[in-house]
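Dear colleague,

Please find below the structure that I am handing over to you.

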Amino acid sequence: MEVKVGILHVQRELTVETTVTAATLETQLSEALASGGLLKLTDEKGRAVLIPAGTIAYVDLGTEHVRPVGFGAV
């Protein structure tokens, strides 16, 4: 799933491809905002991105199952 995070005072948004479900990510975001801690996103390759919850402007959750584009077997 593609997750886009807008950060306060930063013009570009942060985009992360992750295997986490939308429901899990919503729970993690709620907990981070409530505690004032960090939101940890892990991408498909295992790299972690830590975002201070107080700096998050918005989170855009993409679709969970993206159909690949190409000429492979259908």
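Of the 74 residues in the chain, 22% are buried, where buried means under 20% relative accessible area, exposed over 50% and partly exposed in between, with a 1.4 Å probe and protein chains only. Please note that this is a predicted model, in which local features need pLDDT of at least 70, side-chain atom pairs count only at pLDDT 80 or more, and totals for chains, interfaces and linings use all residues. Residues are numbered from 1 along each chain as its sequence is written, and side-chain values use heavy atoms, with hydrogens and water left out.

The overall plan

The chain contains one helix and five strands; these are DSSP runs numbered from the N terminus, with at least four residues (H or I) for a helix and at least two (E) for a strand. Read from the N terminus, the order of elements is β-β-α-β-β-β. Among contacts in the chain with a separation of 6 or more, 52% join residues 24 or more positions apart; a contact means heavy atoms within 4.5 Å.

The sheet and the helix

An open sheet is formed by three strands in the order E2-E1-E5, with antiparallel pairing; two strands pair if DSSP finds at least two bridges between them. Its edge strands, each pairing on one side only, are E2 (14-17) and E5 (56-61). From one strand to the next, the twist averages 20°; axes are lines fitted to C-alpha atoms, for helices over the stretch in contact, and angles run from 0 to 180 degrees between N-to-C directions. Helix H1 (residues 22-35) packs on this sheet and touches E1 and E5, and its direction makes about 170° with that of E5.

Strand E1 (residues 2-7) pairs with E2 through four bridges. Val 5 has Leu 14 as its bridge partner in E2, and Lys 4 has Thr 15. The hairpin of E1 and E2 has six residues between the strands, and His 9 there takes a positive phi near 65°.

Thr 18 is located in the loop between E2 and H1. Is this residue, Thr 18, buried or exposed? Thr 18 is buried, since its relative accessible area is 3%. Not counting residues up to four places away in sequence, Thr 18 touches Met 1, Val 3, Thr 42, Asp 43 and Glu 44. The side chain of Thr 18 also reaches the backbone oxygen of Thr 42 at 2.7 Å.

Yours sincerely

Technical notes
Polar contact = N/O pair within 3.5 Å; in protein donor to acceptor, adjacent residues only side chain to side chain.
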